[in-house]
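Good morning, and thank you for coming. I would ask you to look at the model on the screen while I take you through it.

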Amino acid sequence: MIPEQVTIVTRGIAELRPRLEEIADDFYRRLFDRHPELWPLFPTDISVQRRKFADELEMIVRAIPDFGSFAERARHLGARHAGYGVRVAHYAHVRAVLFEVIAAALGDGWTEEAEAAWRSAYNLITEAMLLGGAPPAGRRRLRGVR
Ligand code: HEM
(Lines give C-alpha, C1' and ligand atoms only; values in the text may rest on other atoms or scores of the structure.)
Protein backbone atom coordinates (compact mmCIF):
# COMPACT_ATOMS: atom_id res chain seq x y z
CA MET A 1 0.00 0.00 0.00
CA ILE A 2 1.22 3.48 -0.78
CA PRO A 3 1.07 6.14 1.99
CA GLU A 4 -1.87 7.96 0.32
CA GLN A 5 -3.89 4.75 0.52
CA VAL A 6 -3.11 4.35 4.20
CA THR A 7 -4.39 7.90 4.74
CA ILE A 8 -7.56 7.25 2.74
CA VAL A 9 -8.49 4.13 4.73
CA THR A 10 -7.56 5.67 8.09
CA ARG A 11 -9.66 8.79 7.36
CA GLY A 12 -12.54 6.67 6.08
CA ILE A 13 -12.68 4.66 9.31
CA ALA A 14 -12.52 7.86 11.38
CA GLU A 15 -15.53 9.13 9.44
CA LEU A 16 -17.46 5.89 9.96
CA ARG A 17 -16.72 5.62 13.68
CA PRO A 18 -19.60 7.80 15.00
CA ARG A 19 -22.13 5.77 12.95
CA LEU A 20 -20.66 2.36 13.58
CA GLU A 21 -23.76 0.78 15.19
CA GLU A 22 -26.00 1.64 12.27
CA ILE A 23 -23.34 0.54 9.75
CA ALA A 24 -22.73 -2.74 11.59
CA ASP A 25 -26.47 -3.51 11.57
CA ASP A 26 -26.60 -2.79 7.85
CA PHE A 27 -23.57 -5.03 7.32
CA TYR A 28 -25.03 -8.07 9.13
CA ARG A 29 -28.46 -7.60 7.55
CA ARG A 30 -26.93 -7.72 4.07
CA LEU A 31 -24.42 -10.46 4.90
CA PHE A 32 -26.99 -12.90 6.36
CA ASP A 33 -29.51 -12.02 3.68
CA ARG A 34 -27.08 -13.00 0.94
CA HIS A 35 -25.18 -15.74 2.79
CA PRO A 36 -27.52 -17.30 5.38
CA GLU A 37 -25.01 -20.14 5.83
CA LEU A 38 -22.76 -17.65 7.71
CA TRP A 39 -25.36 -16.90 10.40
CA PRO A 40 -24.44 -19.87 12.68
CA LEU A 41 -20.78 -18.78 12.76
CA PHE A 42 -21.61 -15.57 14.62
CA PRO A 43 -22.84 -14.99 18.16
CA THR A 44 -26.61 -14.39 18.15
CA ASP A 45 -26.38 -11.36 20.44
CA ILE A 46 -26.53 -8.32 18.18
CA SER A 47 -24.49 -6.14 20.55
CA VAL A 48 -21.68 -8.72 20.44
CA GLN A 49 -21.90 -8.72 16.64
CA ARG A 50 -21.64 -4.93 16.55
CA ARG A 51 -18.58 -5.11 18.80
CA LYS A 52 -16.99 -7.66 16.46
CA PHE A 53 -17.60 -5.44 13.47
CA ALA A 54 -16.02 -2.46 15.27
CA ASP A 55 -13.05 -4.66 16.31
CA GLU A 56 -12.61 -5.76 12.71
CA LEU A 57 -12.41 -2.19 11.40
CA GLU A 58 -10.10 -1.14 14.24
CA MET A 59 -7.87 -4.09 13.41
CA ILE A 60 -7.65 -2.94 9.80
CA VAL A 61 -6.82 0.63 10.78
CA ARG A 62 -4.17 -0.46 13.25
CA ALA A 63 -2.65 -2.97 10.86
CA ILE A 64 -1.99 -0.93 7.80
CA PRO A 65 0.44 1.80 8.89
CA ASP A 66 2.92 -0.79 10.12
CA PHE A 67 2.04 -4.06 8.48
CA GLY A 68 5.35 -5.72 9.36
CA SER A 69 4.63 -5.73 13.07
CA PHE A 70 1.01 -6.74 12.42
CA ALA A 71 1.71 -9.74 10.22
CA GLU A 72 2.28 -12.14 13.11
CA ARG A 73 -0.93 -11.06 14.87
CA ALA A 74 -2.81 -11.38 11.58
CA ARG A 75 -1.66 -14.98 11.32
CA HIS A 76 -2.98 -15.73 14.81
CA LEU A 77 -6.22 -13.93 13.95
CA GLY A 78 -6.49 -16.07 10.82
CA ALA A 79 -5.92 -19.25 12.81
CA ARG A 80 -8.73 -18.22 15.22
CA HIS A 81 -10.99 -17.54 12.24
CA ALA A 82 -10.34 -21.00 10.85
CA GLY A 83 -11.47 -22.20 14.29
CA TYR A 84 -14.68 -20.13 14.04
CA GLY A 85 -15.43 -22.06 10.84
CA VAL A 86 -14.43 -19.25 8.45
CA ARG A 87 -13.36 -20.57 5.03
CA VAL A 88 -11.33 -18.94 2.25
CA ALA A 89 -14.39 -18.08 0.10
CA HIS A 90 -15.99 -16.24 3.04
CA TYR A 91 -13.35 -13.50 2.89
CA ALA A 92 -14.59 -12.44 -0.55
CA HIS A 93 -18.25 -12.58 0.62
CA VAL A 94 -17.44 -10.35 3.57
CA ARG A 95 -15.38 -7.98 1.44
CA ALA A 96 -18.21 -7.48 -1.06
CA VAL A 97 -20.76 -6.70 1.68
CA LEU A 98 -18.32 -4.61 3.71
CA PHE A 99 -17.49 -2.46 0.70
CA GLU A 100 -21.17 -1.99 -0.08
CA VAL A 101 -21.98 -0.66 3.37
CA ILE A 102 -18.87 1.50 3.49
CA ALA A 103 -19.71 2.90 0.04
CA ALA A 104 -23.25 3.70 1.21
CA ALA A 105 -21.95 5.33 4.38
CA LEU A 106 -19.23 7.41 2.71
CA GLY A 107 -21.39 8.54 -0.20
CA ASP A 108 -19.35 10.78 -2.51
CA GLY A 109 -16.26 9.90 -0.47
CA TRP A 110 -16.32 6.39 -1.97
CA THR A 111 -14.25 7.18 -5.06
CA GLU A 112 -12.39 4.77 -7.31
CA GLU A 113 -9.26 5.73 -5.42
CA ALA A 114 -10.92 4.99 -2.08
CA GLU A 115 -12.10 1.60 -3.27
CA ALA A 116 -8.60 0.71 -4.49
CA ALA A 117 -7.13 1.72 -1.12
CA TRP A 118 -9.68 -0.36 0.84
CA ARG A 119 -9.16 -3.29 -1.48
CA SER A 120 -5.39 -3.22 -0.89
CA ALA A 121 -5.86 -3.03 2.87
CA TYR A 122 -8.42 -5.82 3.03
CA ASN A 123 -6.49 -8.10 0.69
CA LEU A 124 -3.23 -7.57 2.54
CA ILE A 125 -4.80 -8.53 5.86
CA THR A 126 -6.71 -11.43 4.35
CA GLU A 127 -3.56 -12.91 2.84
CA ALA A 128 -1.78 -12.80 6.18
CA MET A 129 -4.82 -14.26 7.95
CA LEU A 130 -5.08 -17.07 5.43
CA LEU A 131 -1.43 -17.98 5.94
CA GLY A 132 -2.21 -18.38 9.64
CA GLY A 133 -5.42 -20.26 9.03
CA ALA A 134 -4.31 -22.63 6.30
CA PRO A 135 -3.97 -26.29 7.21
CA PRO A 136 -0.31 -27.46 7.17
CA ALA A 137 -0.42 -28.78 3.60
CA GLY A 138 -2.02 -25.58 2.35
CA ARG A 139 0.51 -23.53 4.23
CA ARG A 140 3.34 -25.41 2.56
CA ARG A 141 1.72 -24.85 -0.80
CA LEU A 142 1.25 -21.13 -0.14
CA ARG A 143 4.89 -20.84 0.90
CA GLY A 144 5.90 -22.62 -2.25
CA VAL A 145 4.36 -19.97 -4.50
CA ARG A 146 6.10 -17.05 -2.80
C1 HEM B 1 -10.09 -8.41 7.13
C2 HEM B 1 -10.68 -9.49 7.58
C3 HEM B 1 -11.14 -9.70 9.01
C4 HEM B 1 -10.70 -9.11 10.17
C5 HEM B 1 -9.63 -8.04 10.34
C6 HEM B 1 -11.48 -9.70 11.26
C7 HEM B 1 -11.35 -9.37 12.60
C8 HEM B 1 -11.99 -10.00 13.65
C9 HEM B 1 -11.74 -9.75 15.06
C10 HEM B 1 -10.73 -8.73 15.60
C11 HEM B 1 -12.54 -10.58 15.76
C12 HEM B 1 -12.63 -10.67 17.30
C13 HEM B 1 -12.22 -12.01 17.84
C14 HEM B 1 -10.74 -12.39 17.64
O15 HEM B 1 -9.85 -11.52 17.75
O16 HEM B 1 -10.49 -13.58 17.37
C17 HEM B 1 -13.30 -11.37 14.80
C18 HEM B 1 -14.22 -12.37 15.12
C19 HEM B 1 -14.98 -13.08 14.19
N20 HEM B 1 -14.94 -12.95 12.82
FE21 HEM B 1 -13.69 -11.77 11.78
N22 HEM B 1 -12.35 -10.63 10.72
C23 HEM B 1 -12.19 -10.65 9.36
C24 HEM B 1 -12.87 -11.44 8.46
C25 HEM B 1 -13.88 -12.31 8.76
C26 HEM B 1 -14.59 -13.12 7.80
C27 HEM B 1 -14.32 -13.16 6.30
C28 HEM B 1 -15.50 -13.85 8.48
C29 HEM B 1 -16.45 -14.85 7.83
C30 HEM B 1 -17.71 -14.86 7.99
C31 HEM B 1 -15.37 -13.49 9.90
C32 HEM B 1 -16.10 -14.03 10.94
C33 HEM B 1 -15.84 -13.85 12.28
C34 HEM B 1 -16.50 -14.60 13.37
C35 HEM B 1 -17.56 -15.69 13.17
C36 HEM B 1 -15.96 -14.11 14.56
C37 HEM B 1 -16.26 -14.63 15.97
C38 HEM B 1 -17.36 -13.88 16.59
C39 HEM B 1 -17.55 -14.39 18.01
O40 HEM B 1 -17.77 -15.60 18.20
O41 HEM B 1 -17.49 -13.55 18.90
N42 HEM B 1 -14.39 -12.55 10.03
N43 HEM B 1 -12.95 -11.01 13.53
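Is Tyr28 buried or exposed? Tyr28 is buried, with a relative accessible area of 3%; buried means under 20% relative accessible area, exposed over 50%, and partly exposed in between, with a 1.4 Å probe and protein chains only.

Before I continue, a word on the source. This is a predicted model, in which local features need pLDDT of at least 70 and side-chain atom pairs count only at pLDDT 80 or more, while totals for chains, interfaces and linings use all residues. Residues are numbered from 1 along each chain as its sequence is written, and side-chain values use heavy atoms, with hydrogens and water left out.

Let me turn to the aromatic rings. The structure holds 9 aromatic pairs; rings of Phe, Tyr and Trp (its six-membered ring) pair if their centres lie within 6.5 Å, and planes under 30 degrees apart count as stacked, over 60 as edge-to-face and the rest as tilted. Tyr28 and Phe42 form an edge-to-face pair, because their ring centres are 5.5 Å apart and their planes stand at 70°. Tyr28 belongs to helix H2 and Phe42 to the loop between H2 and H3, so this pair ties together parts that are 14 residues apart in sequence. Helices here are DSSP runs (H or I, at least four residues), numbered from the N terminus. Phe42 counts as buried, at 17% relative accessibility. The rings of Tyr28 and Phe53 are also edge-to-face, with centres 6.3 Å apart and planes at 70°. Since Phe53 lies in helix H3 and Tyr28 in helix H2, that pair ties together parts 25 residues apart in sequence. Ring pairs link Phe27, Tyr28, Phe32, Trp39, Phe42 and Phe53 into a cluster.

I come next to the metal. Which residues are the protein donors of the iron atom of the ligand? They are Lys52, through NZ, and His81, through NE2, lying 2.1 to 2.5 Å from the iron; donors are N, O and S atoms within 2.8 Å of the metal (3.2 Å for Na, K and Ca), and water is not among the atoms, so sites may look incomplete. Lys52 lies in helix H3 (residues 46-63) and His81 in helix H4 (residues 67-84), so the pair ties together parts that are 29 residues apart in sequence. Lys52 is partly exposed, with a relative accessible area of 26%, whereas His81 is buried, at 15%.

Note on methods. Helices (H or I, at least four residues) and strands (E, at least two) are DSSP runs, numbered from the N terminus.
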